[in-house]
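This report goes through one protein chain, from its overall layout down to single side chains. Please keep the sequence and the structure in view while reading.

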Amino acid sequence: MQPKEKKWTYREKMAQANREAKATVVALVAVVVVWIAAGFGLSACDIEVFGTPIWVFGGTLGTWAAAIVAAVVLGRRVFADFDLDDDEEAAHAKH
């Protein structure tokens with residue numbers, strides 16, 4: 001037996017969309033902070049890996065990993081799957 005889908009009001013849908021947008025901006029800021037810390041923050045280090053400065057790996061791979069983590073967190077904890085269609089009859093006609 002499948003769980004019953006929540007009935008969203010228009011106001012709830014718009015509130016959820018706003019929460020998702022705000023959380024996405026927070027995730028963007030977090031990724032930018034990681035990029036600055038891992039890229040520019042490591043630029044003072046003289047460590048090299050395969051002849052490449054460590055800040056290159058931190059600024060690229062670190063940022064990439066942070067973006068993946070942010071996307072997974074947003075997908076699992078923030079985003080909700082609901083139909084934006086406001087008309088109930090149109091929603092039922094699709095099924």
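## Contacts and overall layout

Among contacts in the chain between residues at least 6 apart in sequence, 62% join residues at least 24 apart; a contact here means heavy atoms within 4.5 Å. The model is predicted, and local features need pLDDT of at least 70, side-chain atom pairs count only at pLDDT 80 or more, and totals for chains, interfaces and linings use all residues. Residues are numbered from 1 along each chain as its sequence is written, and side-chain values use heavy atoms, with hydrogens and water left out.

The chain has three helices and two strands, in the order α-β-β-α-α along the sequence. Helices (H or I, at least four residues) and strands (E, at least two) are DSSP runs, numbered from the N terminus. Of the 95 residues in the chain, 17% are buried. Buried means under 20% relative accessible area, exposed means over 50%, and partly exposed lies in between (1.4 Å probe, protein chains only).

## Gln16 in helix α1

Gln16 belongs to helix α1. Its relative accessibility is 6%, so Gln16 counts as buried. The side chain of Gln16 reaches the backbone oxygen of Val78 at 2.7 Å, and a polar contact of 2.7 Å joins the side chains of Gln16 and Arg19. A polar contact is a pair of N or O atoms within 3.5 Å; within protein, one must be able to donate a hydrogen and the other to accept it, and residues adjacent in sequence count only if both atoms are side-chain atoms.

Leaving aside residues up to four places away in sequence, Gln16 touches Trp8, Val78, Phe79, Ala80 and Phe82.

A salt bridge is a side-chain nitrogen of Lys or Arg within 4 Å of a carboxyl oxygen of Asp or Glu.

The side chain of Glu20 reaches the backbone nitrogen of Ala80 at 3.0 Å. With residues up to four places away in sequence not counted, Glu20 touches Val78, Phe79, Ala80 and Phe82.

## Lys6 and its partners

Side chains of opposite charge can pair when their charged atoms come close. The whole structure holds one salt bridge. Lys6 and Glu12 meet in a salt bridge through their side chains, at 3.9 Å from N to O. Glu12 has 30% relative accessibility and therefore counts as partly exposed.

The charged end of Lys6 also sits over the ring of Trp8, 4.2 Å from its centre. A charge sits over a ring if NZ of Lys or CZ of Arg is within 6 Å of the ring centre and within 35 degrees of the ring normal.

## Aromatic pairs

Rings of Phe, Tyr and Trp (its six-membered ring) pair if their centres lie within 6.5 Å; planes under 30 degrees apart count as stacked, over 60 as edge-to-face and the rest as tilted. By this rule there are two aromatic pairs. The rings of Trp35 and Phe40 have centres 5.3 Å apart and planes at 75 degrees, so this pair is edge-to-face. Trp35 is partly exposed at 40% relative accessibility, and Phe40 is exposed, with a relative accessible area of 52%.
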